[in-house]
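Please open the model in your viewer and have the selection tool ready.

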Amino acid sequence: MTSEFNHLIHNNQRRLRFVARKYGGVAHADDVYQEILVQLWRSFGQFRGDAQVSTWLYRIALNAALMWQRKEVKQPSPAGHLPEASEPPGQCQAAILQDFLDSLNEIDSVLLMMHLDDLPAADIASVLGLSVNAVHIRINRLKQKFNDRYVD
Amino acid sequence: MNFDELKKTWEKEMNTKSPQMENSIQIAQKTDREMKGVLAIETSVCALLFIVSVAALASGFAANPMMIFSLYLMMAVSIYIPYRLLKARRAEQLDNWTLRTNIDREIEKLEKQSRLLSGVAGWYLAPLAVVVFTGSWGGYAQRTGTYVPDSGLLIYWAGCIALGVLVIVLNKNAVNKKLAPTLERLKNLKKQLDD
């Protein structure tokens, strides 16, 4: 079980780091990441495979990040999300992706991550507690926002 | 770059492995152990208080009725406080929740916790104060043969009251400076979900 868990974390490290950074900001990202790992470890033995691994992973990570915020009672970090009016970055695609994620609020950014990970809308809806229709509307809104910001 | 190209960039980013392999399991296990350790210490202290109370009653050490009453009360308190601690910190099952239900639940819990801390004088300090006062007064009466407190006992009580006031102030401070901002942040997240 130990090696399977290590393998899972290794494969999803960057994904989890993204969530941790979004919820903890740069200042507390490591703490949030640690909280996510603890909760994943606790839940790993009970994961029955009913859902996709990525859906399960997002569900635990988001809720653990939320638990961390509640437990640690930290002030929101200024790096949690950048002001929307900031200048778009240069042409580097990774920088554009990062900039766009930073410009979104917590909910929209994780919704985008799940969408980019090809999670079905029904799974996204079940993780966030939204209706499938609301997920589609939000994704369209994100597309529009992206186009307004980065597409000439 | 258009929106669909984001997916390729995301996949590429996610498949870029960090050069150093973190020993994730060790971090997780260590933190888990530490959390359990703190809870175990707090529960052990209460268990010890319970055993001391039972031993004192069984040995007949407490002859004064007030002291006997305080020992029974201490037994009750040493069960009640760990019960509250365990209830508050029990392991959360996160895998069945949606973010929305979790947020709602956390808001409800935080509001309850705020009320609990605000009313700490009622549920935590009052029973402890009764234990301290009756215990010390009973012990004093057993030792001196009179219920009229001397200056030493009065000073001791004054110290206990000051400590109680300090605890109340610290709790009020925790509610205002820590819980309130978190509650606001959770409500903001809920608003993001509803937008």
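Contact here means heavy atoms within 4.5 Å. The model is a predicted one.

Begin by selecting chain B together with chain A. By this criterion, 64 residues of chain A are in contact with 51 residues of chain B. Between them the two chains bury about 5600 Å², of which 60% lies on carbon and sulfur atoms. Next, select B:Phe3, B:Trp10 and B:Arg185: these residues supply 15% of the area that chain B buries against chain A, more than any other three residues.

Across the interface, 14 residue pairs are in polar contact, both residues being at pLDDT 80 or more.

Now colour chain B by element. Helix 6 of chain B provides the largest share, eleven residues. By class, this side of chain B comprises 20 nonpolar, 15 polar and 16 charged residues.

Finally, turn to the second largest pocket, whose volume is about 290 Å³. Select B:Leu125, B:Ala129, B:Cys160, B:Leu163 and B:Gly164, the closest to the pocket centre of the 14 residues that line it. Helix 5 (120–144) and helix 6 of chain B each give two or more residues to this lining. Which classes make up the lining of the second largest pocket? The residues divide into 13 nonpolar, one polar and no charged.

Notes:
Residues numbered from 1 in each chain as written. Chains lettered and ligands numbered in written order. Predicted model: local features only at pLDDT ≥ 70, side-chain atom pairs only at ≥ 80, totals over all residues. Heavy atoms only, no water. Buried area = accessible area lost by both parts, 1.4 Å probe. Polar contact = N/O pair within 3.5 Å; in protein donor to acceptor, adjacent residues only side chain to side chain. Helix = DSSP H or I, 4+ residues; strand = E, 2+ residues; numbered from the N terminus. Nonpolar A, V, L, I, M, F, W, Y, C, P; charged D, E, K, R; others polar. 1 Å grid on protein atoms, 1.4 Å probe; cavity = no way out; pocket = protein on both sides within 12 Å on 5 of 7 lines; lining within 4 Å. Points joined across faces, edges and corners; volume = space filled by probe spheres on them.
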